[in-house]
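Let's take a friendly walk through a protein model, with an eye on its aromatic rings. Have a look at the structure first.

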Amino acid sequence: MRRAFYIVFLALMVAGGVMIFATGEKTFSENEKRALKTMSDIENTDDIEKVLTDQFPARDMWLSLSSATRYICGQRMINDTYIAKDGYLFDVCAETDFNKSNYIKNLTMINTFATQNAIDTDVVLIPSPYVILSDKLPANAPVYDADEKYEEAKELLTDVNFIDVRDILDSEKDRMQIYYKTDHHWTSRAAESVYRSIASTNSGTDFTTVTDSFRGTMYARTLLPGTNGEDIEAPKIEGEINITAQGGGDHPKAGEKLYDESMLETSDKYAYFLGGNRARTDIEGKGDKNLLLIKDSYANCVIPLMINDYAHITVVDLRYYNENVSDLLKEGFDKAIVMYEMTNFAKDANIFKLAI
């Protein structure tokens, strides 16, 4: 029996290898937004299994079938994703997954940045989707203690203006969709509600739907059948906006546009905002002050809302920015805003660049 098993296993391995050669290797998964292992990556026997897994013919179809089967069997966590109520897919981050030590260190770095440079600084840590939409979580699903994390931020961020936006989002969740169902980001309308509060303005924003077929990163992990596409809305902007981008990023070949329509033809449709993440982006606005925005991708859909309030916005993504931040500050800024999603901020290993 054991011999028969090995023969079948070997036959499948050989058949898979033949199919890979017949159909050609794929180097990138559009759905999963990651590089795939190829034959050239093989250095040991473990790599062979990884290559066969990544290059398996009709791989997306089998992943989708696997997720559907696991869901039917009652699983509500698939590939580090909670299959939540009403079609929501949530990134898993239990208390044991939350990088507490790095979180505390990053908070300290923000304080150092503000005091060393004597710059008026706002800090906005956006809650993870299930913090606001906890009623959507599967029963007994473990998540990090958000109350504790926000209290720690309030206690440690003594030299900046820390803005807890949970109450704003909680008050809006019955009126609008706060987070995408298939992605980890918040929606443009939720971003507008928060920014309107931060900027102390009551002026409304006109939105336009730019796509109705968005399926984000959480969907890409599960490929769960029957998942509907979603709308992405963007604020309407009058007139031309001058923008320059530099440095690497997740889409370094993207154009220098506030709205990059070419990204709507890809699986990463959220990159419609700014064309994705770049090391540094400079935007000419219509206001009267200069802003330094230090951010993760959550802030990308907020930036169009800032156009009317600032004369110049310099956007920095520390994951890709390797220049001296102290030298950057010599360009002259009236204000700095640090804007991250909570768990992204906790695990980011680049915040130290602010305190150098």
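Predicted model: local features only at pLDDT ≥ 70, side-chain atom pairs only at ≥ 80, totals over all residues.

Residues are numbered from 1 along each chain as its sequence is written, and side-chain values use heavy atoms, leaving out hydrogens and water.

The structure holds 14 aromatic pairs (rings of Phe, Tyr and Trp, the last by its six-membered ring, with centres within 6.5 Å; planes under 30 degrees apart are stacked, over 60 edge-to-face, the rest tilted). Tyr130 and Tyr144 form one that is edge-to-face, 6.1 Å centre to centre with 70 degrees between the planes. Tyr130 lies in helix α5 and Tyr144 in the loop between α5 and α6, so the pair ties together parts that are 14 residues apart in sequence (helices are DSSP runs of H or I, at least four residues, and strands of E, at least two, numbered from the N terminus). Tyr130 is buried, at 4% relative accessible area (buried means under 20%, exposed over 50%, partly exposed in between, with a 1.4 Å probe and protein chains only).

Tyr130 and Tyr144 also belong to one aromatic cluster, whose members include Phe98 and Tyr103.

Now for Asn344, which lies in helix α12. Asn344 counts as buried because its relative accessibility is 18%. Asn344 and Tyr103 are 241 residues apart in sequence, yet 9.5 Å apart in space, C-alpha to C-alpha.
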